[in-house]
Amino acid sequence: MAKELDEKIKFLQGRINKLEGKLLERKQTEGALRESESRLYTVLETIQEGITLSDETGHFYIYNSAMEKLTGYSREEANTCPDFIKVLYPDPQDQQRALQGIKELLERGTCREVEMRILTKDGQLKCILIWSSLALYKGRKIFLSAYRDITEHKEMEKRERLAQLGELVADMAHEVNNPLMIISGNAQISLMEEIQNENVKENLKIIFDECRKAKDIIQRLLKFSRPSRGELREIDINKSIEAVVGIVGHQFELSSIEIIRDYTKDLPIISVDEQQLAEVFMNLLNNSKEAMPKGGVITISTSLAGNFLKIDFKDTGCGMENEVMGRIFEPFFTTKEKGTGLGLSVCCGIIRAHNGELKFKSELHKGTIATILLPLRKDG
Amino acid sequence: MYKILVVDDEPQIVRVMQGFLIKMGFEVAEATGGEEAIELLRSDIKIDLMIVDLKMPKISGIEVLSEMNKLNRKQPTIILTGSIDTSKYLKELKDFGYTIKDILYKPVDLFALLDLVKNKLQIA
């Protein structure tokens, strides 16, 4: 009896030992698992790239802090926002690319890295590079994606390209100015001769005058081909507008567009980034031109409006419908066949950076007035 | 009679300025490029004023000015340039004692050139 009991105890002891062993094993596994999870968490939260794990429905299982920082949206917001893809990628072309990428992923397991533009929660436009691959999770196909912010890199590239362009234009100008001087100089010398034929005299005068015009155009071009360094300079607004009109004027004339200048004289000098402002003027003038395919009139007026300098670009073009008016500052919104939809949103950004305002008034089939308000300097 | 040295690597520009200045009653010495200019400056030829292009191949306008300084030639000088961005030369020009007022931008109105020549030579 005692022997039997002993054996049972031994048996139970053996079971207990086994169970304890298993428990220890399990504890060790759990510890390892926790450690691995914590390692993974550290990686996900430390990495500079945005990382997501999502399924076909667009649900995010992982949406790390870098991704929250990049987009401005939290994981919860990303998961509950209807049509989040469309909100994040407002450019229809990018949406198309995203769909194409998903298709590629499902077919081949990987897809090429794609460059896309996202609109962050606070309205910034960022350029990002996305890599994705297909992963298996609980027997389901899901997408692992990494997002890198390349906005600054892109900006730098753009500035470098502009600097190169500026140099090219400067070199070209130098090359062109020599022959121009030879032409105008010879015309001037010839005009000093006794010329009987009035027509010949007139022709020589025209040659000289046109050379001077060409010189003006080249100088203006040179001024604007240099990339903006974001420097503020004191300018006479009428002269700045005139410089842009000087570049496009002839082209507008050929399109039967008359430009009327209604400048107020002796306006206060203001501090602006003249090159950026020129970009705005150029954009507004081109928009007006495109609104008047059969020609028309653009009236540019400058005036004082309280503590602001006011510039109006008024055209006699097709005007805009209310629905279009409401969306003109949206990035990627365009009514033009080959438009990027960035023109006016960039203009708006430039004017805002000057603490000014850009607004539109439009009447269908009658025309549009674009108004820029720029603050005067506080000291006068 | 005042003698003006005209320096430009473009022969047609030299020809235009020479033709004009002679008509206006000046004597003209010509140099098609920096080397010729330096050769003339080193000779004992009398020069009352020099008109020199900045950007020339081989020997630039700045180098001509520097040589002129070394030779202790002190005649007034007018600087010509085809580019409006003279900022990269401006420091060197300042070191030689020139200012923006001594620079004419191509294409130059010949009568503006005449005004500056007269002003430098102090003739009415």
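Predicted model: local features only at pLDDT ≥ 70, side-chain atom pairs only at ≥ 80, totals over all residues.
Residues are numbered from 1 along each chain as its sequence is written, chains are lettered from A and ligands numbered from 1 in the order in which they are written, and side-chain values use heavy atoms, with hydrogens and water left out.

Start where the chains meet. Chain B brings 22 residues to the contact and chain A brings 21; contact means heavy atoms within 4.5 Å. The area buried between them is about 2,100 Å², with 65% of it from carbon and sulfur atoms. Buried area is the accessible area (1.4 Å probe) that two parts lose on being put together, summed over both.

There are 8 residue pairs in polar contact between chain B and chain A, both residues at pLDDT 80 or more. A polar contact is a pair of N or O atoms within 3.5 Å; within protein, one must be able to donate a hydrogen and the other to accept it, and residues adjacent in sequence count only if both atoms are side-chain atoms. On chain B, helices α1 (11-23) and α5 (110-121) each supply at least two residues of the side that touches chain A. Helix α1 of chain B gives the most, with 8 residues. Helices here are DSSP runs (H or I, at least four residues), numbered from the N terminus.

How many salt bridges join chain B and chain A? The count is 1. A salt bridge puts a side-chain nitrogen of Lys or Arg within 4 Å of a carboxyl oxygen of Asp or Glu. B:Lys23 pairs with A:Glu193, their closest N and O atoms 2.3 Å apart.

Now look inside chain A. A:Arg108 forms a salt bridge with A:Glu104, at 3.9 Å between the closest N and O atoms. Both lie in helix α5 (residues 92-108) of chain A, 4 residues apart, about one turn of the helix. A:Arg108 is exposed, at 59% relative accessible area, while A:Glu104 is buried, at 7%. Buried means under 20% relative accessible area, exposed over 50%, and partly exposed in between (1.4 Å probe, protein chains only). A:Glu104, A:Arg108 and A:Arg112 are linked in a network of salt bridges.

End at helix α9 of chain A, residues 274-290. Its buried residues include A:Leu277, A:Phe281 and A:Leu284.

How values were computed: Expected span 1.5 Å × (residues − 1).
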